[in-house]
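Reader: I would like to learn how to read charged pairs in a model. Show me one to work on.

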Amino acid sequence: MGKRRLALCAGVLAVTAFGPAACAAYAADGGGVSVVPATSAPGGDIALRVTGCDAREAVAQSPALVSDARLTPGDGDGLTGDGRVRSTLTAGTYTVTVACDGTEHKGTVEVVRNRTPAAGAEPSAHPSPVAPVNAGAGGAARDLADGPERHGPGTAQTVVALALAGTAALTVHRTARRQARRGHRRTG
């Protein structure tokens with residue numbers, strides 16, 4: 001009986017751990033506008049991506065952008081494009097809207113003013129290379145550095161993780177049942 005409880009607890013734990021991630025991944029893949037980087041200084045360039053849009057072209061609009069950004073099919077799913085943040089903006093969060101297939105998809109970009117360093121402070125180094133070296137994979141480092149950032153697992157990875165967790169729980173349960181039957185046969 002203890003092994004059945006263990007298998008049941010493992011299954012409940014898997015659903016508890018991966019269930020919210022699956023819902024969040026599904027919602028994220030459901031058709032929002034992502035902005036990379038999500039925080040930009042005035043005058044900065046940003047990359048835009050909209051998912052959940054079946055059109056071949058769309059336009060991103062925002063009071064934060066110098067002009068409307070044209071989005072076209074890019075690498076992977078969704079439509080992508082580039083925009084530039086107005087240099088005269090004050091700090092704050094601005095909405096980016098894409099109208100596609102009769103539906104509005106929304107995202108945000110946060111605009112922050114550059115802070116001036118304190119007197120005598122050393123300038124900080126860049127956290128990552130500014131110009132990646134064309135090393136390995138035929139220069140893929142430059143392509144990856146310029147591409148949009150991906151955050152967290154996608155829907156496919158979450159579904160696979162849930163399937164593996166369920167299979168593991170089922171295996172533990174079946175093994176426990178086999179061992180329990182063998183124990184009853186030997187004692188009986």
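Author: Start with Glu104, which counts as exposed at 53% relative accessibility. Buried means under 20% relative accessible area, exposed over 50%, and partly exposed in between (1.4 Å probe, protein chains only). This is a predicted model: local features need pLDDT of at least 70, side-chain atom pairs count only at pLDDT 80 or more, and totals for chains, interfaces and linings use all residues. Residues are numbered from 1 along each chain as its sequence is written, and side-chain values use heavy atoms, with hydrogens and water left out.

Reader: Which residue forms a salt bridge with Glu104?

Author: Side chains of opposite charge can pair when their charged atoms come close. A salt bridge is a side-chain nitrogen of Lys or Arg within 4 Å of a carboxyl oxygen of Asp or Glu. Here Lys106 pairs with Glu104, the closest N and O atoms being 3.7 Å apart.

Reader: How many salt bridges does the structure hold?

Author: Three. Another one joins Asp45 and Arg84, with closest N and O atoms 2.6 Å apart. Asp45 lies in strand E3 (residues 45-50) and Arg84 in strand E6, so the pair ties together parts 39 residues apart in sequence. Strands (E, at least two residues) are DSSP runs, numbered from the N terminus.

Reader: Which residue meets Arg70 in a salt bridge?

Author: Glu57, at 3.1 Å, N to O. Arg70 is in strand E5, and Glu57 is in the loop between E3 and strand E4 (58-61), 13 residues apart. Arg70 counts as exposed at 54%, while Glu57 is partly exposed at 44%.

Methods:
Helices (H or I, at least four residues) and strands (E, at least two) are DSSP runs, numbered from the N terminus.
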